[in-house]
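Visitor: I have the model open and would like to go through it chain by chain. Can we begin with the surface?

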Amino acid sequence: MTSATSTDSATDTAAGGASLLERLGDVWLELEDHLAKVPVLQRLDDGTVTLEDYLRLLFNLRQQVIDGSLWIARAASNFDIDHFELRAAAIKHAEEEHRDHFLLEADYVALGGSRAELRAGRKNVGSEALSGYLFTYASRPNPAGLLGAMFIIEGLGARRAAQWAARFQEVLGLADNQVHFMTYHQEADGAHTGDMEAILTSGLIDDATADEIVRCAQVVARLYALQLEELDR
Amino acid sequence: MTTTARAYLTGFGRYLPGPPVDNDGMAARLGGDDAVTARIRSSILASNGIRQRHYALDEHGEPTELNEELAVKALTAALDDRGIAPSDLRMLATATTLGDVLVPGFANMVHGRLGGGPMQLLSASGVCASSMAALDAVVSKVRLGDHPRGAVVASELPSRSLRQRRYDGFRAGMDAHFLRWMLSDGAGAVVVEFQPHPTRLSLRVDWIRQVSLAHDHAVCMRAGMSGDATHVGGTWQDVALADAQAAGMFVLRQDVGMLDDLAQAGIAQFEELVDIGLVDVRHLDHVICHYSTNVFRDVAFDALRRRIPTLDTDRWFSNLETRGNTGSASIFIALEEAWRTGRFQPGETVLLAVPESGRFSFAFAQLTVVAPTRPQGASS
């Protein structure tokens, strides 16, 4: 994977795929810079995070988790027959995720939170922006750029959620039953990430689509971090 | 690897019905003022050391409250102490020797009276150590992360069945008299949570161990059977109720000849905890042991002193003499008083010990006093 090969034509599918992954890797590094400035994650890192912080984080995530499988399903319905593989992948993905919020709710209740209050919650300004962008994008014909959104969101689940869970357990003395949502995502999103990388490197992605994927990843990375910055607002 | 949460006792409550009743007031309420009974009574009182106790009976010996009411009042006191409401509980475990009704379970009746929301229930049955079984259940579920918060209450109202009318018509021996002048009414409760109290001391539950030796011992404390062993046709459910009453089957009895064995078996169980390292005899700051009589206090204290020569009486807490022997409730009533009177400092350990004579059961628990680590952080 060198920068020389990354400029090769779209017909060089192997090089093109590698190039796309490299560009997404740069977006990921930008996201990590943003996450390092998120107050709740800073407190988690330095061990001053509180149970209240964890409850607020789950509360704020839940409102967006509900939307996750919905925009993926909408995207699935907008892939035409020429994009059958992407449609199949999206349908499978939506099906696998549409119960995830129940896991989050169980954790919230196991921590002493109220399920009724959780369900009555509203999205924070970051979640509003994120959901609005994703539903709008998913309404386009053949919204392949959303692979960039999945790269970011699944990547957070696969690479960061279990670390967060372990750290919350360590600092707050929590049982496994209280961090189910985050630990589950390490495995589930790890599998999704593997599926997606196969698609990204499969030769199905042309240069224009690759640009869309990278752009979408940039926007989603920023909005996801915004969601974590704007807890309860 | 499975990670569990910790369990902390964060709220303490008790309820003792009515005014304190001294030794003269006992006979007025329970009856039994004939010469023989009076002689047995004074002999038992002299050795058990109980000076006052409480009864849910008025001065004429008529009941004033239900057992489930005692339980709810102790629970309410514990919830108030913690600053939470019944609706904050996700589990309730109760212990009692005899509920007010045969069916349903005591926990169901207490939950119904307490209110709150949906919750898991457990009615631990047995005698004195059933309170520790109830505590163990809630602590386990909190550690697993299944529930953030639960409560345990142990409540006893034996006085109704200790009145003279239960003893009329048959010749009561020492086994029937013994408990009559020992037991009284009361309830104790604790709140269990996975986080320590946000602004004050909590008691972390380090471990709870309960063991039965029923395989090796006959029944000792009992009611509802004839003789000292069960057999088909020989329980209160097998015969006409009037016949069961006439045979004295509803009287609570204790085979007092077995009590020395009970004390020795309890000491052996304690020694085992020391041997396997659960009890660190170099670090035992408070001992709260439930016993029915000061005779056993001296036996138990001497046994502990063999392992802990430096153990002094200051580290030993009991309120048997002033609160009476309230069976399963005693350990929580003693813990509440030790807590409320400021005996505990951060870092200290508290050993709870509850021998149960029913059919030889023993329960122990170790608690550690912890300070609030993050006063601003824990949820209320």
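Guide: Chain A has an accessible surface of about 10100 Å², and carbon and sulfur atoms hold 53% of it. Accessible areas come from the Shrake-Rupley method with a 1.4 Å probe, and for residues only the protein chains shown count as cover. This is a predicted model, in which local features need pLDDT of at least 70, side-chain atom pairs count only at pLDDT 80 or more, and totals for chains, interfaces and linings use all residues. Residues are numbered from 1 along each chain as its sequence is written, chains are lettered from A and ligands numbered from 1 in the order in which they are written, and side-chain values use heavy atoms, with hydrogens and water left out.

Visitor: How many helices and strands does chain A have?

Guide: Chain A has 11 helices and zero strands. Helices (H or I, at least four residues) and strands (E, at least two) are DSSP runs, numbered from the N terminus.

Visitor: And what is the radius of gyration of chain A?

Guide: It is 18 Å for chain A, close to the 17 Å that the globule rule gives for 233 residues, so the chain is as compact as a globular protein of that length. The radius is taken over C-alpha atoms, and the rule is 2.2 Å times the number of residues to the power 0.38. Along the principal axes, the C-alpha trace of chain A spans about 55 × 35 × 30 Å.

Visitor: What share of chain A is buried?

Guide: Of its 233 residues, 51% count as buried. Buried means under 20% relative accessible area, exposed over 50%, and partly exposed in between (1.4 Å probe, protein chains only).

Visitor: Where does Asp53(A) sit, and is it buried or exposed?

Guide: Asp53(A) is in helix α4, residues 51–77 of chain A. Its relative accessible area is 6%, so Asp53(A) is buried.

Visitor: Which residues does Asp53(A) touch?

Guide: Beyond its neighbours within four places in sequence, Asp53(A) is in contact with Val40(A), Arg43(A) and Thr48(A). Contact means heavy atoms within 4.5 Å.

Visitor: Charges next. How many are there in chain A?

Guide: Chain A carries 20 positive and 37 negative charges, and their mean positions are 7 Å apart. Lys and Arg count as positive and Asp and Glu as negative, while His and the chain ends are not counted. Each charge is placed at NZ of Lys, CZ of Arg, CG of Asp or CD of Glu.

Visitor: Over to chain B. How many helices and strands there?

Guide: Chain B has 11 helices and 14 strands. Its radius of gyration is 20 Å, close to the 21 Å from the globule rule for 380 residues, so chain B is as compact as a globular protein of that length. Buried residues make up 56% of the 380 in chain B.

Visitor: Where is Val205(B), and what does it contact?

Guide: Val205(B) is in strand β8, residues 202–212 of chain B, and is buried at 3% relative accessible area. Leaving aside neighbours within four places in sequence, its contacts include Ala7(B), Leu9(B) and Leu367(B). Val205(B) and Leu367(B) are 162 residues apart in sequence, yet 4.6 Å apart in space, C-alpha to C-alpha.

Visitor: Which domain does UniProt list for chain B?

Guide: An unreviewed UniProt entry lists "Beta-ketoacyl-[acyl-carrier-protein] synthase III C-terminal" for residues 282–353 of chain B. UniProt positions are given in the numbering used here, feature names are shortened, and annotations may be inferred rather than shown by experiment. In the model, residues 282–353 of chain B are 40% helix and 15% strand, with end C-alpha atoms 17 Å apart.
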